[in-house]
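Morning, everyone. Please have a look at the model on the screen. I'll start with a term, then walk through the fold.

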Amino acid sequence: LYEVAALASVQFEQIMTAACPDGVTLKIAPLKGRDRAGAKARDEYKDKTAPCYSWLFDITRGAALCQTEDALVSLYKALEADDRVDIVRTKNRFNPPLFNGYQDILMNVAVKVENVSHLCELQIHLMPIKESEALHRSHTVYEYFRSFFLGNSDAVEKRLDMLCKLPVDQALDVGELVGHLLRDFEDEAPYRANALYWGDDDREL
């Protein structure tokens with residue numbers, strides 16, 4: 001995998017350099033670290049068709065930093081027109097944005113390496129949004145919740161729905177929020193005990 005990824009990285013950089021219009025900054029990252037890649041494969045893809053490592057699409061990766069929406073669209077069209085690369089998947093994370101509020105486009109593109117194709121990851125950022133990242137600390141939030149949101153899309157949606165139900169509007173800080181939750185639990189305790197006695201409680205305790 002890493003031998004092909006190293007060859008694909010060279011081709012990927014050439015294709016991306018040609019596709020980026022004037023004013024777009026291209027950043028090609030080093031190959032994803034083996035330890036991090038192994039952990040991601042085992043944690044996120046263990047339930048998929050083996051081997052889990054075959055589901056890693058971001059060993060070879062890069063980012064394009066666009067100043068305007070027009071530059072972003074021009075880059076995408078240039079990639080569509082390039083016979084050396086195939087667009088396999090596009091996630092428009094402008095609508096809807098990520099759970100942490102950040103917005104970008106995430107693409108997986110197939111680069112031909114001899115008689116095989118290698119999937120690479122491309123992130124396309126809009127700089128006015130990228131530059132505001134430090135203000136709302138979206139990447140910090142992402143890293144904090146990375147392990148919490150492991151799993152497929154259904155598992156992520158279930159956990160996110162649970163978080164969205166927290167009564168955050170009633171609390172000024174985390175301590176006050178925990179207090180609200182504990183009081184709600186204590187208020188329902190008599191009901192829960194009665195329901196368990198009669199065997200009609202279908203909610204998780």
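A residue counts as buried when its relative accessible area is under 20%. Keep that cut-off in mind. This is a predicted model.

Take Arg-93. Is it buried or exposed? Its relative accessible area is 16%, so Arg-93 is buried. Arg-93 sits in the loop between strand 3 and strand 4. What does its side chain pair with? The side chain of Asp-104, through a polar contact of 2.7 Å. Further along the sequence, Arg-93 also touches Leu-98, Tyr-102, Gln-103 and Leu-106, among others.

Now the core. In soluble globular proteins, nonpolar side chains tend to be buried together. Here, the largest nonpolar core has 22 residues. Leu-75, Leu-79, Leu-122 and Ile-124 have the most contacts inside it. A separate core has 8 residues, including Tyr-2, Ala-41, Cys-52 and Leu-56.

On to helix 3. It has 13 residues and reaches 19 Å, close to the 18 Å expected. Ala-71, Leu-72, Leu-75 and Leu-79 are its buried residues. They lie on the same side of helix 3, because they cover an arc of only 105° around the axis. The cover over them includes helix 1 and strands 2, 3, 4 and 5. Leu-75 reaches several partners beyond its sequence neighbours, among them Met-16, Ala-64, Cys-66 and Ile-124. The face turned away carries Glu-69, Asp-70, Lys-77, Glu-80 and Ala-81, which are exposed.

That's my tour. Over to you.

Note on methods. Residues are numbered from 1 along each chain as its sequence is written. This is a predicted model: local features need pLDDT of at least 70, side-chain atom pairs count only at pLDDT 80 or more; totals for chains, interfaces and linings use all residues. Side-chain values use heavy atoms; hydrogens and water are left out. A nonpolar core is a set of buried Ala, Val, Leu, Ile, Met, Phe, Trp, Tyr and Cys residues joined through side-chain atoms within 4.5 Å. Buried means under 20% relative accessible area, exposed over 50%, partly exposed in between (1.4 Å probe, protein chains only). Contact means heavy atoms within 4.5 Å. Helices (H or I, at least four residues) and strands (E, at least two) are DSSP runs, numbered from the N terminus. The expected span of a helix is 1.5 Å times one less than its number of residues. The arc is that of the directions from the helix axis to the C-beta atoms. A polar contact is a pair of N or O atoms within 3.5 Å; within protein, one must be able to donate a hydrogen and the other to accept it, and residues adjacent in sequence count only if both atoms are side-chain atoms. Lists of a residue's contacts leave out its neighbours within four places in sequence.
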